[in-house]
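Q: Could you walk me through this structure, with the cut-offs spelled out as we go?

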Amino acid sequence: MNTLYFTSQGIKISKGEVIQKILQSKGKFFRVIFIKRTTGELRSMLCRTGVKKHLKGGSLRYDASTLKLINVYDINKKGYRSINLETLISAKIGGVEYVVS
């Protein structure tokens with residue numbers, strides 16, 4: 001089992017500001033740390049928004065914004081995943097680490 005260690009070094013900003021930075025990343029790679037809603041485990045993910053290449057057609061069976069999720073493409077798992085905004089801990093975007101305060 002991989003152990004993920006989290007340190008709180010970085011620029012402390014509100015959760016809303018971190019979410020805005022993620023949404024404004026315009027397809028650039030970024031790393032997020034959050035707690036998975038299904039298992040409660042700490043999750044680190046290298047991802048990006050705006051990827052359309054691997055879509056299979058159709059639409060989601062749920063409204064991501066209602067469930068407080070952002071859908072992204074996980075670079076390491078090569079698939080679409082959701083970031084749980086309720087449990088967002090930090091995001092590293094453009095080389096800058098942002099920590100939810």
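A: Arg 43 has its place in strand β3, where helices (H or I, at least four residues) and strands (E, at least two) are DSSP runs numbered from the N terminus. This is a predicted model, in which local features need pLDDT of at least 70 and side-chain atom pairs count only at pLDDT 80 or more, while totals for chains, interfaces and linings use all residues. Residues are numbered from 1 along each chain as its sequence is written, and side-chain values use heavy atoms, with hydrogens and water left out.

Q: ok, is Arg 43 buried or exposed?
A: Arg 43 counts as buried, at 12% relative accessibility; buried means under 20% relative accessible area, exposed over 50%, and partly exposed in between, with a 1.4 Å probe and protein chains only.

Q: and what does the side chain of Arg 43 make a polar contact with?
A: The partner is the side chain of Asp 74, at 2.8 Å; a polar contact is a pair of N or O atoms within 3.5 Å, where within protein one must be able to donate a hydrogen and the other to accept it, and residues adjacent in sequence count only if both atoms are side-chain atoms. Asp 74 also forms a salt bridge with Arg 43, with the closest N and O atoms 2.8 Å apart, a salt bridge being a side-chain nitrogen of Lys or Arg within 4 Å of a carboxyl oxygen of Asp or Glu. Since Asp 74 lies in strand β4 (residues 69–74) and Arg 43 in strand β3 (residues 42–48), the pair ties together parts that are 31 residues apart in sequence. Asp 74 is buried, with a relative accessible area of 1%.

Q: how many salt bridges does the structure hold?
A: The structure holds two salt bridges. Lys 68 forms one with Glu 86, the closest N and O atoms being 3.5 Å apart. That pair links distant parts of the chain, with Lys 68 in the loop between β3 and β4 and Glu 86 in the loop between β5 (79–84) and β6 (88–93), 18 residues apart. Lys 68 is partly exposed at a relative accessible area of 42%, and Glu 86 is partly exposed at 44%.

Q: switching topic, in what order do the strands form the sheet?
A: Seven strands form an open sheet in the order β1-β7-β6-β2-β3-β4-β5, with mixed pairing; two strands pair if DSSP finds at least two bridges between them. β1 (11–13) and β5 stand at the edges, each with a single partner strand, so one side of each is left without a neighbour in the sheet. From one strand to the next, the twist averages 30°.

Q: which way do β2 and β3 run, parallel or antiparallel?
A: β2 and β3 run antiparallel and are joined by six bridges, and the bridge partner of Ile 35 in β3 is Leu 42. Their hairpin has six residues between the strands, and Gly 40 in this hairpin takes a positive phi near 80°. β2 is also joined to β6 by five bridges, and these two run antiparallel; in β6, Lys 92 is the bridge partner of Arg 31.

Q: what about β4 and β5, how many bridges join them?
A: Six bridges join β4 to β5, and the two run antiparallel; for Val 72, the bridge partner in β5 is Arg 81. Helix α1 (residues 15–23) packs on the sheet, touching β1, β2 (30–35), β4, β6 and β7 (96–100), and its direction makes about 40° with that of β6. Axes here are lines fitted to C-alpha atoms, for helices over the stretch in contact, and angles run from 0 to 180 degrees between N-to-C directions.

Q: which residues in the largest nonpolar core touch the most other members?
A: Of its 18 residues, they are Val 18, Ile 22, Phe 30, Val 32, Ile 83 and Leu 88; a nonpolar core is a set of buried Ala, Val, Leu, Ile, Met, Phe, Trp, Tyr and Cys residues joined through side-chain atoms within 4.5 Å. At least two residues of this core are supplied by each of α1, β2, β3, β4, β6 and β7.

Q: last one, where is Ser 101 found?
A: Ser 101 is found in the segment after β7 and is exposed, with a relative accessible area of 66%. Leaving aside its neighbours within four places in sequence, Ser 101 is in contact with Lys 12, Ile 13 and Ser 14, contact meaning heavy atoms within 4.5 Å.
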